[in-house]
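Thanks, everyone. Please look at the model first.

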Amino acid sequence: MPALNSDELRLETSNDGIATVWLDQPEQSVNTLAPSTLDALDDATDAINATPDIRAAVFISAKPDGFVAGADLDALRHFDGPEDAAELSRTAHRALRKVRASDKPSVAAIHGPALGGGCEVALACDYRIATNRPETRFALPEVQLGLLPGGGGTQLLPRLVGLQQALPIILTGKNVYAEPARKMGLVDALIHRPGLHRAAEEAARRLADGDVEPDRDKSFTDKAIESNTLSRRFVYRQARKQIQQETRGNYPAPPRALECVRTGLEDGLDAGSRLESRYFGELAFTPESQALVDLFFLKQEHDKNPLHGQARDVETVAVLGAGGLMGAGIAEVSAHSAGRDVLLKDQSLEVAAQGRKTIWEDLSKKIGKGTTAFERDVVMERARPVPGYDDLADADLVIEAVPEDLDVKHTVLRETEEVISDDCVIASNTSGIPITDIAGGLERPENVVGMHYFSPVPSMPLLEVVRGGASSDEAVATATQVGLDQGKTVITVEDGPGFYTTRILSLYMNEALLLLEAGAEVKQVDEIMEDFGFPMGPYELFDLVGLRTAAKITDVMGSYIDDGHLGEEREARLSDAASTLAQAGLTGQKGEGFYEYDGRDTDGVNEEVYAFFGGPEREELARQIVEERLSMMMCAEAVRCLEEGILESAEDGDLGAVFGLGFPPSRGGPFRHLDRMGLENAVTRLKRLENQHGPRFAGPSLLAEKADAGDAFRKE
Amino acid sequence: MPSSLSSGGREVVFVDGCRLPFQQSGTGYADLMAYDMGRMTLKGLLSRNDLDPDGVDRVVLGSVVQDVETSNVAREAALGAGIPKHVPAFTVTMACISSNQALTSGAELIAGGQADVVIAGGTETLSAPPIRLQPKVQRRLFQARKAKTLGDYLDLLKGLGLGDLLPEAPSIAEFSTGEVMGESADKLAAMFDVSREAQDEYALRSHEKAAEAREEGFLEEELVPASVPPDFDPITEDNGIREDTSMDKLSGLSPSFVKPYGTVSPGNSSPLTDGASAALVMSAEAAEERGYAPQATLRAYTYVAQDPGEELLLGPAYAMPQVLDAADLGVDDIDVFELHEAFAGQVLAVLRACASEAFANEHRDGADPMGEIPMDKLNTWGGSLSLGHPFGATGTRLVTTAAHRLHTEDGRFALVSACAAGGQGHALLLERA
């Protein structure tokens, strides 16, 4: 029996002629699909075909935790050009076509993630068997990186599971877990983890003997819709419409992927595959894809604690203000993802208990999606409401999420400090009050840091850790570690009003209010910024955050700006409209705001707000003006944060703006956006804006320096 | 921590044990409550030992699937069997090792001086699992107690659909993991590389051994014949033993839990069974005073618990070495092994784990492996696969059989062990008296 050993895989054959290809990349904890893997697969298939004694083959991973986690992304960054990338796709097609074309049946045995190229290897086999474990999942996540599945995914998946089931998987990159995968026919059978290889061998044996015929029957309606050209055309049209609605043309990958699917089904596999390779190559060199790949790597690099080894042990987290949405969210991720004991404290036990209710409701929604009812119960028992400060004595980390008022914060934190240990870290979830000011009123300012979360906490990926003037490395390291354990991507910034994220956001939001004063129309501005790539426009965001909260933030930021904290020469003009509106009873989504809410989102502008901005006369502003005033305000402020040392790096700035504020991912973040625009161009635009609208648009000197030097913020 | 019964407390002896012939669910005892079987077994034990019930200090029974009408089934069965009303009785539940827990609870009462004479056992019917109404209907029935007028009753029906009225069958899945026990056994067998063929061979052996033991009359000694209303035909034998089974028949059965590539089939799993068992235990002095010749002395026992998600049925591989260590004995010192056979795959996995160096290394802090259990000392009179497995009654059956085998096979030490839902396990060491 042949044995074939390469760096990438081992080929073994059983006595009764069942070959097993063990995928096992050296020195990696997970397999990826590198060009060398494709070559090795090609050789293995040749060896299997050339050996008469081999009756069937099993493809399985030798790694304990996963099948194949997708293409080797690092290789993506080193392509010479689109043709180079397209050639990789063609190589994958060749290798996998050989597997498909072999007379000998092939079985993919999958445990853990089978992503991208891994999923495509599985698709190329005749039969798929997977473990019934929650970590087992299939996905074609290429579109999330601005690409498309280039190893035949757009061709093979629709043929296997049908057009309608395949489209959402290809166009959104969503995960398909074991049981749904079996139901839709993506896998043929499930088995427990320890029995995977034996079961795959058994399946291979039965396929070779002709004892098993996979059940690939689609439902009656799917068959009816997909069997004729006319109704398929309808499905394509609907998909195109939905892509346009969701991406607003900012992402070139999904429409290309759809075109590959269509070509494959209408003009044949060869035509579809050729197009797939061509588009794959082209997409790899779009700025959108490059920005998304960059964010992917930035996130990965931020998975480690930069102050590793200095964090204090945290067994118990106490949340002050745990009855509110923010506090409950922090308590939830502390108990669930981070697995800590959590004390919920609020004005009374009853209010604190409301936090538990919020956690229960959120966790209940996740049952069946990675969480079980039992796991929810275990997490709930970790979250304990307490009536008084004395109960906080055991806390190792206290996170306060009480109202944004320095006096209130000082009052609760002083009471807390009296009962907690000297080593207990105190974190403030303030969105803007400088940590140094908060620490200033306390006994042990070295223990005080900022942990700035974003709402809703369980689903927003960013945590901004703020180092106050007196914060110790241990305190920062502890906050960072808990944040990582909570599943957050953590950036660490220096102290200052609004830190990084709130500072750039509040100037952006302020500019939106000034636009209204200049006669802009609510809906039009929101639409323009959504087209720019933000998940929602500024006024919709005002309503979501709540105008009272927005007014508070303006207050905080305003007083510091007035004090000259953001630069003497800036004379920033802050609109007090948020506070005026809040005082007039307009609160945002909970009542009325810029939009009318009749209990739900009605999408109707509340015309009354214009009274606060110079009357009902509105004019349509040029798209470019709106876009430029808002985006340049935010980007220039980000540069200033880097210049002042609030930000440690432009990378942190990009990650923070995308993950915390929803800055368009396709643009990669403010710094990448400026680089792409060209820094000289950015300087010119800011100059023009300064001339038209005053000194608040004065360009930061770091920008001018970089522009003069022909430099960029982000090193490629 | 394993408890060594001989040191510290008073010595506890096993005087006698017996059981009703086990019947596959839905057959001989289909119309009985667990209470009926418990009562019949207690009465049988009293009669065959000529025991004055007035001298019993405590009755302890194990039971798993509870009937709310007899939630303390030990008390009802004891009263029914004529045990005087002043003798306290309690029921314990610990899945498939419930009657082991009943027995060791009784032993502890004796060792600690709380009792001299204890009857311990278990009873179980799986013919009539309690069916529950859906919570929506339950709640309305509760409210109905306050309803007075027709209008009140009609209001209660509002919003109820026909589907809501369907009863819910009890789930046999592990509560914390949602995994059905057969899936766990299938997984465990794969973990220890136990093939379908090996499982079927072991199941066949269980039936062959049980049939032989019945033929030889070995089982008779532990059986109390039953006769059941309305026709009162005597039931004198276990009806799960299939002397006519074969590898051909067994290998033809489809896997029942993990389809289609699993290895656990109905043929190599223990069947749903009804039955009851009981044992008479005393302090050594009490036995002597009353003129009873004990069959064995209880030497040491332990309970263990593992992750129910990973090692649901592997308890014996942890429990047996603990007990051997506590008694300073090795595998070779044991003459009789009685292992609960929940699934053939589970038994074989336990045997492999016991012999495995890797297992001892990884899971028992680098201890030496316990060693190989010789097949000629293991379950030589059949086991749960063939005799059947009434959850709450199996434990006392194992101990009773072990004691009887010590005498028949002329051995000194017997080691009894069983696994249970929840990832728990038990082992008990007997020495022939």
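Just after helix H26 of chain A, A:Gly662 takes a positive phi of about 75°. This is a predicted model, in which local features need pLDDT of at least 70 and side-chain atom pairs count only at pLDDT 80 or more, while totals for chains, interfaces and linings use all residues. Residues are numbered from 1 along each chain as its sequence is written, and chains are lettered from A and ligands numbered from 1 in the order in which they are written. Helices (H or I, at least four residues) and strands (E, at least two) are DSSP runs, numbered from the N terminus.

Now H26(A) itself, residues 650–661. With 12 residues at 1.5 Å a residue, H26(A) should span 16 Å, and its end C-alpha atoms are 16 Å apart, which agrees. The expected span is 1.5 Å times one less than the number of residues. How many of the residues of H26(A) are buried? The count is 12 of 12. Buried here is 20 or more other C-beta atoms within 10 Å of the residue's own, exposed is 12 or fewer, and partly exposed is in between, with C-beta atoms placed from the backbone. Among those buried residues are the charged ones A:Glu651, A:Asp652 and A:Asp654. The buried residues of H26(A) pack against helices H13, H20, H25 and H27 and strands S18 and S19 of chain A.

Take H13(A) from that list. The axes of H13(A) and H26(A) come within 10 Å and cross at roughly 105°, which makes H13(A) roughly perpendicular to H26(A). Axes are lines fitted to C-alpha atoms, for helices over the stretch in contact, and angles run from 0 to 180 degrees between N-to-C directions. Under 35 degrees counts as roughly parallel, over 145 as roughly antiparallel, 65 to 115 as roughly perpendicular, and the rest as oblique. A:Leu295, A:Leu298 and A:Lys299 of H13(A) meet A:Glu651, A:Asp654, A:Leu655 and A:Val658 of H26(A). A contact means C-beta atoms, placed from the backbone, within 7 Å. By class, this contact has four nonpolar, no polar and three charged residues. Nonpolar covers Ala, Val, Leu, Ile, Met, Phe, Trp, Tyr, Cys and Pro; charged covers Asp, Glu, Lys and Arg; the others, Gly among them, are polar.

Next slide: H21(A), residues 522–532, against H25(A). Their axes are 10 Å apart and the packing angle is about 70°, so H21(A) is roughly perpendicular to H25(A). A:Val525, A:Ile528, A:Met529 and A:Phe532 of H21(A) make the contact with A:Arg623, A:Val626, A:Glu627, A:Leu630 and A:Ser631 of H25(A). That divides into six nonpolar, one polar and two charged residues.

Which residues of H20(A) and H22(A) meet? A:Tyr508, A:Met509 and A:Ala512 of H20(A) face A:Pro538, A:Tyr539 and A:Phe542 of H22(A). The residues here are six nonpolar, no polar and no charged.

A:Ala108 is buried, with 30 other C-beta atoms within 10 Å. Not counting residues up to four places away in sequence, A:Ala108 touches A:Phe59, A:Val121, A:Ala122, A:Cys125 and A:Arg128.

Last, the chain contact. Chain A and chain B give 11 residues each. On the chain B side there are six nonpolar, two polar and three charged residues.

Conventions:
Two residues are in contact if their C-beta atoms, placed from the backbone, lie within 7 Å.
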